[in-house]
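Thanks, everyone. I have one structure to go through today, and I will keep it short.

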Amino acid sequence: MALRFTVSPLWETIAALRVLADPGCYPVHRRWIAEVEPRLAALGPDPTLLTTLVTRPVIPEFLIPTPGVRTIGIEDELKFLPRVAKPARVAAALPDQSRFRPLAEDLKGTLTTICERIGLVHEAIIAPVWPRLEGVLQGDVERRGRRMVEAGGQAVLAELHPDVAYDDQNVTVRRQRTAIGQRDLVLVPSAFTWPDVYLRDSPVRLALCYPAHGFGSLWEPSAAPTGNALARLVGATRARLLHEIERPSTVSELAGRLGVTVGAVSQHLGVLRAAGLAVSRREGREVVSLSTDLGQALARGEVR
């Protein structure tokens, strides 16, 4: 078995839609919910009844196909979905209710419209916050990747979730055992899955979606001030970055906390290093950044 990691914008979109369908159960996401609920409502009525489908006790498999081992964009995932969704599974996933019968009569057309709807939902509720989400998800991948190097894949799986167990040849999720055999096991972190875990089975690989480390602080506003003299001097983002790197942090972790892209964080860190305000060092496969004494003094307003 090969243990791999990937991030799936499609899985995040579906999981996020489940959260919005029952927002009272997810207080940790209340700030995000308040922000995106009007955007979702602005899309108008859903002819595909997508929300009804994703809020069933078990998410229909055709909506979240097993992802590959390489992270791809939502557009590519939506192109892939109709190619792997089997008509029989789509038909079986549609409830036996009169409002779903038109969808069952044209399964190919239904898949097309569902993919279009998912794309619209993604643009409304995920795309605006994707840099922050991606930072948390990639930060989780880096964290567990380090753990795998240090202690092996079995340790990673043992620490993944209370409902997950592994015994060399099988992975058990909520007491349901699945044989792995020679297949890859792909771990997919999610900010919206908690408290659940999902296992998707396919002939080539298994995919296990689990709550990402750090999702609980995803929507907390940064404590760093942005309207002070430091922000006016170096810019608001770099001022916040100086506060954040008072403790060692990776680029992905910083991107998640600041809500900007990994590339933007790297550029800002380069400027801070050139000014003698930050240093970076490699720890295994990661680069960790930390403010210098001068950087910390500036961040704390101790330089006169």
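I will start with the chain as a whole and then turn to its aromatic pairs.

Please keep in mind that this is a predicted model. The chain has 14 helices and ten strands. The C-alpha trace spans about 75 × 50 × 30 Å along its principal axes.

Of the 304 residues, 49% are buried. Among contacts with a separation of 6 or more, 63% are between residues 24 or more positions apart. The accessible surface is about 14,900 Å², and carbon and sulfur atoms hold 52% of that. As for charge, there are 37 positive and 33 negative charges, and their mean positions lie 2 Å apart.

Now the aromatics. A search of the whole structure gives three pairs. One of them is Trp32 with Phe192, a tilted pair at 4.7 Å centre to centre, with 45 degrees between the planes. Trp32 sits in helix α2, and Phe192 in the loop between β5 and β6, so this pair ties together parts that are 160 residues apart in sequence.

Trp32 also pairs with Trp219, and here the rings are stacked: 6.2 Å centre to centre, 15 degrees between the planes. Trp219 is in the loop between β7 and α10, 187 residues from Trp32.

Which residues make up the aromatic cluster? Trp32, Phe192 and Trp219 form it. Trp32 and Phe192 are both buried, and Trp219 is buried as well.

Terms used: Residues numbered from 1 in each chain as written. Predicted model: local features only at pLDDT ≥ 70, side-chain atom pairs only at ≥ 80, totals over all residues. Heavy atoms only, no water. Helix = DSSP H or I, 4+ residues; strand = E, 2+ residues; numbered from the N terminus. Buried < 20%, exposed > 50% of the residue type's maximum accessible area, 1.4 Å probe, protein only. Contact = heavy atoms within 4.5 Å. Areas by Shrake-Rupley, 256 points an atom, 1.4 Å probe, with all protein chains shown as cover. Lys, Arg positive; Asp, Glu negative; His and termini not counted. Charge placed at Lys NZ, Arg CZ, Asp CG, Glu CD. Phe/Tyr/Trp six-rings, centres within 6.5 Å; stacked < 30°, edge-to-face > 60°.
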